[in-house]
Amino acid sequence: MTVLKGNCLVAQSGGPTSVINASVVGVVQEAFRSGEIDRVYGALNGVAGILNENLICFNDEPAEEIELMRVTPAAALGSCRFKLKGIEENESEFKRILEGPEGFLWAHWCGLAECEAKIKEETKATIRAIPFQEGEGGKCIRCGEASVQRVVFAKAY
Ligand SMILES: [Zn+2]
């Protein structure tokens with residue numbers, strides 16, 4: 001398995017559940033433990049925080065404060081239900097996100113190599129990670145066809 005190096009960004013989405021903060025704590029602590037992640041950012045209010053670059057950096061937070069999030073009710077980073085438009089309608093926004101400190105997108109892809117190639121051509125981003133388990137369905141950011149899950153796009157350097 002290829003080890004991803006760089007920064008990490010975590011965001012919360014949808015309705016807060018009793019485990020939503022524990023999930024963030026798990027992501028942050030494992031990112032620090034990996035030794036491969038330089039900075040761990042949290043997006044405030046989900047994807048809206050990513051779009052507006054409204055981020056906090058967990059590197060600046062004391063470990064005890066991060067651990068306290070595990071038992072804190074509600075969504076510590078805040079949530080939203082904003083849906084990003086497809087890449088066709090929103091190419092400049094996708095490029096801006098990929099250029100930002102987060103440098104990656106968690107987006108739907110239909111599975112076709114042709115779509116991945118077009119996305120690479122337009123944004124220089126390639127697919128870096130495909131989850132083992134299928135997530136919630138959606139529409140491919142390139143062609144709008146059905147997608148069974150989101151994948152991680154990041155720019156190649
Ligand atoms: Zn597609």
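Isoleucine 127 has phenylalanine 153 of strand 8 as its bridge partner. The model is predicted; local features require pLDDT of at least 70, side-chain atom pairs count only at pLDDT 80 or more, and totals for chains, interfaces and linings use all residues. Numbering starts from 1 along each chain as its sequence is written. Helices (H or I, at least four residues) and strands (E, at least two) are DSSP runs, numbered from the N terminus. Two strands count as paired if DSSP finds at least two bridges between them.

Strand 5 and strand 8 are joined by 4 bridges in the antiparallel sense. Strand 8 (residues 150-155) also pairs with strand 4. That pairing is antiparallel and has 5 bridges. Together the 3 strands make an open antiparallel sheet in the order 4-8-5. From one strand to the next, the twist averages 40°. Axes here are lines fitted to C-alpha atoms, for helices over the stretch in contact, and angles run from 0 to 180 degrees between N-to-C directions.

Helix 5 (residues 113-123) lies across strand 5 and strand 8. The helix runs at about 125° to strand 5. Contact between two residues requires C-beta atoms, placed from the backbone, within 7 Å. Alanine 113 belongs to helix 5. Is alanine 113 buried or exposed? It counts as exposed, because it has 8 C-beta neighbours inside 10 Å. By definition, a residue is buried if 20 or more other C-beta atoms lie within 10 Å of its own, exposed if 12 or fewer, and partly exposed in between, with C-beta atoms placed from the backbone. Alanine 113 and arginine 39 are 74 residues apart along the chain. Their C-alpha atoms are separated by 31 Å.

Strand 1 and strand 2 run parallel and are joined by 5 bridges. Valine 10 has glycine 42 of strand 2 as its bridge partner.

The largest nonpolar core has 30 residues. Such a core is a set of buried Ala, Val, Leu, Ile, Met, Phe, Trp, Tyr and Cys residues joined through C-beta atoms within 7 Å. Ala43, Leu77 and Leu105 touch the most other members. Two or more residues each come from strand 1 (6-11), helix 1 (20-34), strand 2 (37-43), helix 2 (47-51), helix 4 (91-99), strand 4 and helix 5. Helix 1 gives the most, with 5 residues. Domain 1 (6-69) and domain 2 (104-155) each supply at least three residues to this core. Leucine 105 touches Phe94, Ile97, Leu98, Ala125 and Phe153, leaving aside residues up to four places away in sequence. In soluble globular proteins, nonpolar side chains tend to be buried together.

At the level of the whole protein, the division is into domain 1 (6-69) and domain 2 (104-155). These bounds come from an automatic or database domain assignment. The C-alpha centres of the two domains lie 23 Å apart. The secondary structure comprises 5 helices and 8 strands. Along the sequence, their pattern is β-α-β-α-β-α-α-β-α-β-β-β-β. The radius of gyration is 16 Å, close to the 15 Å given by the globule rule for 157 residues, so the protein is as compact as a globular protein of that length. This radius is taken over C-alpha atoms, and the rule is 2.2 Å times the number of residues to the power 0.38. Along the principal axes, the C-alpha atoms fill a box of roughly 45 × 30 × 30 Å. Of the 157 residues, 26% count as buried. Among contacts with a separation of 6 or more, 69% join residues 24 or more positions apart.
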